[in-house]
Amino acid sequence: MRLNSKKRGKGKKGISPLIGYVLLVVFAVVISSIVFQWLRTYVPAQAMECPDGVSLFLNNATFDSDTKELSLTMTNNGRFSIDGYYINIKNDSEQDLAVIGIWNYLDESKSSPAMKIAGSVSFNPQDINLFKPQDQATHIFNIPEGEPYSVSIIPIRRQEHRERERLVSCGSARVEQTVGEGGEEEPPEECGDETCDSGECNSCPQDCIHTDCCPDGTCNNEETCGETNDEPKCNSDCGECPIVQIGYFGFESGAQGWSDTGSDSDRSNERSKVQDNGIEGGLWSFHLQDDTTSSITAQNFDFTGYESVTISWWGYYSSFWWGLGSNECVELKINNIKVDSWGGSECGNHVTEDIWLEQSATVTSSEYTFDDSVEIRFEGEMGSDWDDFYVDGINITGIPD
Amino acid sequence: MNRKGVSPVIATVLLIALVVIIALIVFLWFRSITQEAIVKFGDQNVELVCEDVKFIATYDSATGTLSISNSGNVPIYSMNLKISETGKYQTKDIKEMDAGWPELGLRQGGSFSGTIEAEDPIQITLIPVLLGTSPRGTEETHICADRHGYELL
């Protein structure tokens with residue numbers, strides 16, 4: 001009987017269950033290790049990033065055309081030490097971006113401790129992050145040709161990242177400043193020489209800005225602005241200038257009446273475009289983030305008797321991680337009615353991030369009720385605390401009826 | 001009637017061999033239709049690194065001057081330009097368009113300014129191209145997804 005059943009193959013055992021288990025386990029291990037190798041690269045790791053409070057302030061930037069020396073005085077006005085910076089200049093006001101690298105023109109002998117290091121300038125390469133908060137330094141660059149119009153600086157830090165020391169660029173702390181003339185004390189800015197043909201008068205002090213128009217209410221490129229900083233005589237030059245300045249806010253002396261509504265709005269010294277008198281520089285601006293009930297700053301004004309009101313300001317849009325989303329906007333509202341919006345591609349105006357932008361909107365008494373308490377409001381409609389909007393130099397002017 | 005046929009051991013071995021061969025064929029076919037996992041910064045998939053690319057760019061349509069400044073921490077090896085013109089659409093590599101683009105790309109803090117040829121462009125989108133390492137150890141370029149693009153116009 002046994003022989004018969006063997007003949008039919010019924011008595012054969014085949015592979016033992018033990019070997020079957022071993023094979024099964026080996027297959028599972030091999031397949032899972034293949035899948036692991038493939039998927040592990042997709043596990044996100046923490047990106048290299050600068051802390052939020054890194055800030056470098058350019059106190060002074062002057063160029064002496066005789067010696068061809070560009071002198072920069074800077075202060076660490078942030079909360080973290082800095083290792084150095086990337087530096088670029090532009091030679092022309094028409095250029096949008098400073099792209100001429102000048103790190104290799106650093107005059108190490110004339111600069112307070114500084115050294116050229118592969119595309120950047122280090123405050124002290126012997127140790128890491130030696131430029132501490134409140135430290136001040138002056139660096140000299142020998143520019144071989146051309147005259148710099150403005151200088152752009154991105155601070156850098158050396159940080160530990162995944163057990164290695166790396167150089168981290170702090171792009172969100174980038175600063176740009178117009179270069180003045182060096183060699184002697186800067187003369188007062190001439191206003192009277194400039195015509196109103198290209199908005200150049202905006203660099204003049206506040207007293208002159210509202211005269212960038214002629215008595216008939218339109219700018220026909222013929223009028224001059226007036227005299228100098230010290231003696232603004234714009235009104236007399238322009239006669240009965242129809243444009244009246246209602247208010248100007250550089251936030252240097254405080255919030256200046258603009259509401260601080262909570263954790264997502266504050267007067268900030270992260271960056272500044274202008275001082276209270278409209279001249280470039282300063283330390284403070286007003287900051288909004290996120291999209292909450294506190295992502296708002298507003299103030300009421302008396303618009304009685306005005307036919308139209310123009311609100312202009314410097315805006316800085318910055319998103320720390322992925323850039324502003326398409327529908328992340330900052331809205332300007334009059335009496336809680338949206339006038340326009342700025343931000344991502346789906347907003348009324350698509351903006352470039354990480355630079356100061358000159359923006360404006362004009363409203364008329366036929367569109368909105370102009371009484372003695374008209375609320376002007378900037379409202380954040382952004383995605384998170386990482387999305388920031390800074391406003392500075394809010395200038396409100398009106399044309400009377 | 002007395003024939004034994006294939007023994008169970010041989011049958012099992014054959015079965016396993018067939019499964020392994022078929023699995024190998026499927027794996028090789030699947031690998032050819034999926035992208036290689038190019039990595040950067042050690043073991044980061046380059047697709048994830050694209051999320052961290054940050055740059056500022058401007059375009060002067062009067063002079064055709066394109067300026068780019070790398071404000072982030074990821075070196076940009078090259079840049080693909082998607083240019084929409086009236087009635088046509090083209091994608092170009094900036095390395096082929098302007099000789100001034102740095103050979104090794106824009107490092108941290110690096111900047112570029114050059115002229116690009118485009119006839120009355122309606123829209124220009126800049127898409128970063130990164131350099132990574134393939135599983136074979138060779139350097140490979142990776143074009144970031146369109147969502148990482150920067151619209152100039």
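## Fold of chain B

Read along its sequence, chain B follows the pattern α-β-β-α-β-β-β-β-α-β-β-β-β. This amounts to three helices and 10 strands, where helices (H or I, at least four residues) and strands (E, at least two) are DSSP runs numbered from the N terminus. The model is predicted: local features need pLDDT of at least 70 and side-chain atom pairs count only at pLDDT 80 or more, while totals for chains, interfaces and linings use all residues. Residues are numbered from 1 along each chain as its sequence is written, chains are lettered from A and ligands numbered from 1 in the order in which they are written, and side-chain values use heavy atoms, with hydrogens and water left out.

Of the 153 residues of chain B, 41% count as buried; buried means under 20% relative accessible area, exposed over 50%, and partly exposed in between (1.4 Å probe, protein chains only). Among contacts in chain B between residues at least 6 apart in sequence, 60% join residues at least 24 apart, a contact being heavy atoms within 4.5 Å.

## Interface between chains A and B

In the interface, 35 residues of chain A are in contact with 35 residues of chain B. The area buried between the two chains is about 3100 Å², of which carbon and sulfur atoms give 56%; this is the accessible area (1.4 Å probe) that two parts lose on being put together, summed over both. On the side of chain A that touches chain B, the elements giving two or more residues are α2 (17-39), β3 (84-90) and β9 (164-169). By class, that side has 21 nonpolar, eight polar and six charged residues. Here Ala, Val, Leu, Ile, Met, Phe, Trp, Tyr, Cys and Pro count as nonpolar, Asp, Glu, Lys and Arg as charged, and the others, Gly among them, as polar.

Seven residue pairs, both at pLDDT 80 or more, are in polar contact across this interface. A polar contact is a pair of N or O atoms within 3.5 Å; within protein, one must be able to donate a hydrogen and the other to accept it, and residues adjacent in sequence count only if both atoms are side-chain atoms. The count of salt bridges between chain A and chain B is zero, a salt bridge being a side-chain nitrogen of Lys or Arg within 4 Å of a carboxyl oxygen of Asp or Glu.

Gln108(B) lies in the loop between α3 (94-97) and β7 (111-115) of chain B and counts as buried because its relative accessibility is 16%. Its contacts include Tyr86(A), Leu167(A) and Asn70(B), and its side chain makes a polar contact with that of Asn73(B) at 2.7 Å.

## Charged residues of chain A

Over all chains, the count comes to 14 salt bridges. Glu69(A) forms one with Lys110(A), the closest N and O atoms being 2.3 Å apart. This pair links distant parts of the chain, 41 residues apart: Glu69(A) is in strand β2 (residues 69-76), and Lys110(A) is in the loop between β4 (100-101) and β5 (115-117). Arg174(A) and Glu176(A) also meet in a salt bridge, at 3.0 Å from N to O; Arg174(A) is buried at 7% relative accessible area, whereas Glu176(A) is partly exposed at 29%.

Arg157(A), in strand β8 (residues 150-161), is buried yet has no salt bridge; the nearest side chain of opposite charge, Asp83(A), is 8.5 Å away. For this assignment, Lys and Arg count as positive and Asp and Glu as negative; His and the chain ends are not counted. The side chain of Arg157(A) reaches the backbone oxygen of Ser81(A) at 2.6 Å.

Key: Lists of a residue's contacts leave out its neighbours within four places in sequence.
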